[in-house]
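Visitor: Could you walk me through this one? I'm new to reading structures.

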Amino acid sequence: MSVWNYVVTAHKPTCVSHSCVGNFTSPQELNLIVAKCTRIEIHLLTPQGLQTMLDVPLYGRISTLDLFRPHGETQDFLFIATERHKFCVLQWDSESSELITRAMEDVSDRIGRPTDNGQIGIIDPDCRLIGLHLYDGLFKVIPFDNKGQLKEAFNIRLEELQVLDIKFLYGCAKPTIAVLYQDNKDARHVKTYEIATKDKDKVFVEGPWSQNNLDNGADLLIPVPSPLCGVLIIGEETIVYCSVNAFRAIPIRPCITKAYGRVDVDGSRYLLGDHAGLIHLLVITHEKEKVTGLKFELLGETSIASTISYLDNAVVFVGSSYGDSQLIKLNRKPDADGSYVEILEKYVNLGPIVDFCVVDLERQGQGQIVTCSGAYKDGSLRIVRNGIGINEQASVELQGIKGMWSLKASIDEAFDRFLVVSFINETRILAMNMEDELEETEIEGFLSQVQTLFCHYAVYDQLVQVTSNSVRLVSSTTRELRNKWEAPVGFTVNVATANASQVLLATGGGHLVYIEIGDGTLTEVKHVQLEYEVSCLDINPIGDNPNYSQLAAVGMWTDISVRIFLLPDLTLITKEQLGGEIIPRSVLLCAFEGISYLLCALGDGHLLSFQLDTSSGELRDRKKVLLGTQPITLRTFSSKSATHVFAASDRPAVIYSNNKKLLYSNVNLKEVSHMCPFSSAAFPDSLAITREGELTIGTIDDIQKLHIRTIPIGEHARRICHQEQTRTLAVCSLRNQLSAQESEMHFVRLLDSQSFEFLSAYPLDAFEYGCSILSCSFTDDKKVYYCVGTSYVLPEENEPTKGRILVFVVEERKLQLIAEKETKGSVYSLNAFNGKLLAAINQKIQLYKWMLRDDGTRELQSECGHHGHILALYVQTRGDFIVVGDLMKSIALLIYKHEEGSIEEIGRDYNASWMTAVEILDDDTYLGADNCSNLFTVKKNNEAATDEERARMEVVGEYHIGEFVNRFRHGSLVMRLPDTEIGQIPTMIFGTVNGVIGVIASLPQEEYLFLEKLQTSLRKVIKGVGGLNHEQWRSFSNEKRTAEAKGFLDGDLIESFLDLSRSKMDEISKGMDVQVEELCKRVEELTRLH
C-alpha cells in the first residue's frame, strides 16, 4: 500500500535567503549567520576562512533573521520570525555549543489579510521595540522592557495598504519608522511615523518628514546610522537620500536592486547587488554630519545576490537563491577585465530545481539525477549522485592480485616510491619512471617467487617484507637484504602486519610473535601462544608517535572475538565477543577527529565499530552496519589532510567522520578486492585499487554523501528529458539578452549524456516558450522521438491562445524536426500514452495519434479530448488512467475508453488545492504537492456503494513539507539490491525551489506503525530550536484550514535518532520497549534509502 509514506531529505536546502554578521558566539568572535529557508548555519570567521560551528533545522520557514544587542549585553542575540507568524529570540550557550531560546511567541491574528509583498520584521536600533508587518493595514509592535525582556505584542493600524518596505530610523528620540508604499494610482511615496508606546492608545504620530512621488521602481529603504541618519531610497533609475534637513538624488543605470550590505559602521558605504548579479558600491559623501552627495560605482559581477554581508578586511559573503553563494574579496585595484571582485570560495546551491530527470548513466542500477538548477545567468545543469567517485588516472591489466602495499624510500618522504603487488606464488614491484609511467622494477632483497603477506617502509631508510616463512629487512637505498627472521621449522606465518618500527605476525597453532625493527636489526621481543587461531591483526599507530603503536588488535577464530594487547609485552587488556558465527576478517585501529576507534570487519560484509579508550583499552559504543555481502578489508588513507578508511569488498565504502559521528559513503565502483594509498609526484593523493583483473590508480572525489558536478550553461534551463537509446539529454532553456529591449530567446538544446557537451540547438520563435518535453515512441514506428510542447506568451494576452507540439528525431547527433502541430493554447504537459501522445493544452486534455501520410511522412492527428479543468498543468498516466493536477482544483482522475475512443472523468478531489506537482504512487493512490508547501495523497474509492461517492477521491495523507516541490519522479539515488528488505521499497524523488532533493518511500504498514511510535518518542526527547513545535510544523496548512499530519512520517527526525547521545537513546528504547541495537539497526536501514 502506498498510503504509508516516509519523507526524508537526501540533500539539504542550499538556497540562501538571509544572512547577518555579528558577535554571536562570544564578544570577541565575529560570526556569519546564514538562513537557508528551514535551516540555520552559524559560521565563525577565522584567518583560514569560514568555519561551521552549527547547522540546525528550524521547524518553520524563516521570513526574518536579524542580530540585535539589548542594553547591558556583551554579545548579540538572534531574532528569527517564521512564515507561520511565530518568532523566537536565540542566544548562544558556549558551554554546550548549543542555541538556547530566550523568548518565543506566536503573533498570528485571527483576522487579517496576509501581506502580498512578504513579511517584514525589523528591530529598532536602540532595542526599544521589534516591529512586524504581517497583515495588510496592521503594524505589530513587540516592546522590550528595560531588562531586555520582551513584553506583550500589540497592533497599530497602518493607513498605507500597499506597503513595499518599512525600516526603523537611527538617531530618533522616539522609535520612528519610515514606510515606503504605493497608492491606488500606483505612485510611490515615503512617510515617517513615530511610535508612541507610553500612551494608553497605541497609535502612530506623524513623523518628522515625508517624501512624495518617488521613482516608480523604488522598493527598498536603507536606514543610515548616526551621525548622518536619514534613509536611502533605492529605485530602478534613481537613488535618493532623505533626512529631516537634506535631500540628495543621483540617476543610475536601470537595475533592480535585490540585496544590500553595509560596509562601514557609520553607514557611509553600501554594497548593492542587482538582478543581473552586478555588485555596486554606493558612497555617501559628507562633511562632518552634512551629506553633500552620493556616488555609485560598479565593482564587478557575482552570483545574483539575495543577501550581502560584509565580514571584515574587504571580504564579503554573497548569499544567493538563484546560483552558488560566494565568499568574495574586494580588491583595491581592478583586474585585467576591470573587475574589483575576486571569488575566494563557492558554496554549491542546487536551487531552484525547476525540473530534473533520473538516469542510470553508468548502467549500474544506481540512479543519478540531472537537475535544471539556478535561474537566469546562474542557470546550470547539476549531476547529483550518491557516493564517492574515483577519477581514473592510469590502469593496467593484472589478474589474480592477492595484496598490495605502497612503500616510501624513507619515513619522512612526501611521495611513495614503490607499489608492491602480491600474487599467489610471486611478488612484483612497480615504480614510477621518469616519464611518470608505472614500470616493473626489482628490490633485490625481497623474495619475488613467493606470495607477500605484508609490506611496509621502516625506520632508518629500510623496507620490510613478510612472507609465509620469513620477515626480511631491506635497505631502501641499496635494495639489499640487511637482516631476516625465519619462522621455526614446521610453522608457517598465516597473517602479519607491520608499521615503521614494529612487526606482529601469527603462525599456525595460535602463536603470536612481536618483532621490533632497528637499524639493520630484527629483534623478536615477545612470543605468546593463544588458545585459538588468529584471523587478522593490526598495529596501526594512533598514539602520539606516528611510527610506534602501544596497542595491537587481534581477531580470533573459534570464539569469534577481538582482543586488544599492550605492546611490547603482549599483555591482554580487552576481549570483546563479537557474537554470531562469522569470523572477523580485518581489524583496524584508527583515529577520526581526535577520537580513537577500533573497526572490525566480518566475513559476511558486516562492520562493527567501537570507540576505544587508548589508555585502558576499553571498548564502548558498539555499532554494527552492513556494508556488503563479501568479506571486507580495511585500509586507512588520507585526502585533503584528513584520515579516512577504505573498506574494500563487493560494495566498497569510505568511512569518515563528521561532527564526531562515523559516516559511511559508498564508492561508485563495483567489487574492489584491494586498495592502498599511492601518492607520487605525477599522481598526488591517489589510491591504487584492484578490481576484476585490473589495477587502477585514481584520485578520489571530495568525501561527502552526495557528489555534485556542475555544468554551467549561463541560461535558465526549465525542462529536461533523457533518451537512453541515443544517449542524449534534451533541455528547454531561455537566455536573457541584457540589451535595451530585455528580450528573451528560447531554445531546445541537445546534449551528450556522457560528456554533457552541447550537440545542437533548435531556436524557438519570438515569444515562444518551451513548456514540456518528452522522449517517446509511437505505435508501428520503431524510432524514438523527442516531443516538445510550447506556448506563445504574447504581452497583450492574459492566457496563451496558441502553442505548438514539435516532434524531433536525433540524427547524426543533431535535432531534426519531423513534424509540428499547432494547438489552441499552451502545451503544459506531454505524456506517452499507449503508443500515442497525450497533451494538456490550457484547460483541455487532448490525445493525438501518429499517422502515416500518403507521401510517407508522419503527422500528429487529434483523436479525442476532455474539457473540465481550469488549467491542466501536471499530468501523469498509468495504463488507461490519467491523473491531472489542476492550477487550483487539486487532482482529477480520468480514464481512456478504447471502445468509444473517448476520455472520461471518473473521480476528483473536491478540495481547493493549487497544485505544483503530481505523481502516481500505485494504481489507486496519487501524490500531490501544493503551493503552500504541503504534500498530500488521495485514493480512489473503489469500494464505495454509489457512483457519487466513487467519483469523490478521499484524502488519505497530509503533511507539511515546508518546501515548494516542483517535480516528482520515480527512482532511487542508491544502488537497489533486490535481496535486501530496503530493496523492495518503492521510492520517489522530488526536487524543490530551495535546492532540496528528497525521497518519499512507501513503507509496509507494520514498519510505518513502528516508526510512528519512534517519531512520537523522539518528539518528546528532541526539542525544536527556538521552542518551535515539530507536530505543528508538520501539520498540513493552507489558507483555509490546518490539519494534523497523517500518512506521512518525518524521516529527518527519525534518522536524527542516530546522532543522539547514548543516554537519550536508552530513554527512547525504554519508552518503546525495544533494544537500542534493534532501533539503531532499523533506522540505519532507512538511511540506505538515500
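Visitor: How many residue pairs are in polar contact between domain 2 and domain 4?

Guide: First, this is a predicted model, where local features need pLDDT of at least 70, side-chain atom pairs count only at pLDDT 80 or more, and totals for chains, interfaces and linings use all residues. Residues are numbered from 1 along each chain as its sequence is written, and side-chain values use heavy atoms, leaving out hydrogens and water. A polar contact is a pair of N or O atoms within 3.5 Å; within protein, one must be able to donate a hydrogen and the other to accept it, and residues adjacent in sequence count only if both atoms are side-chain atoms. Between domain 2 and domain 4, with both at pLDDT 80 or more, the count is two.

Visitor: Which strand gives the most to the side of domain 2 that touches domain 4?

Guide: Strands here are DSSP runs (E, at least two residues), numbered from the N terminus. β2 (18–22) and β3 (31–36) each supply at least two residues to that side. The one giving the most, with four residues, is β2.

Visitor: Why is the pair of F139 and F204 called tilted?

Guide: Rings of Phe, Tyr and Trp (its six-membered ring) pair if their centres lie within 6.5 Å; planes under 30 degrees apart count as stacked, over 60 as edge-to-face and the rest as tilted. F139 sits in strand β12 and F204 in strand β17, 65 residues apart. Their ring centres are 5.8 Å apart, and the pair is tilted because the planes are at 45°.
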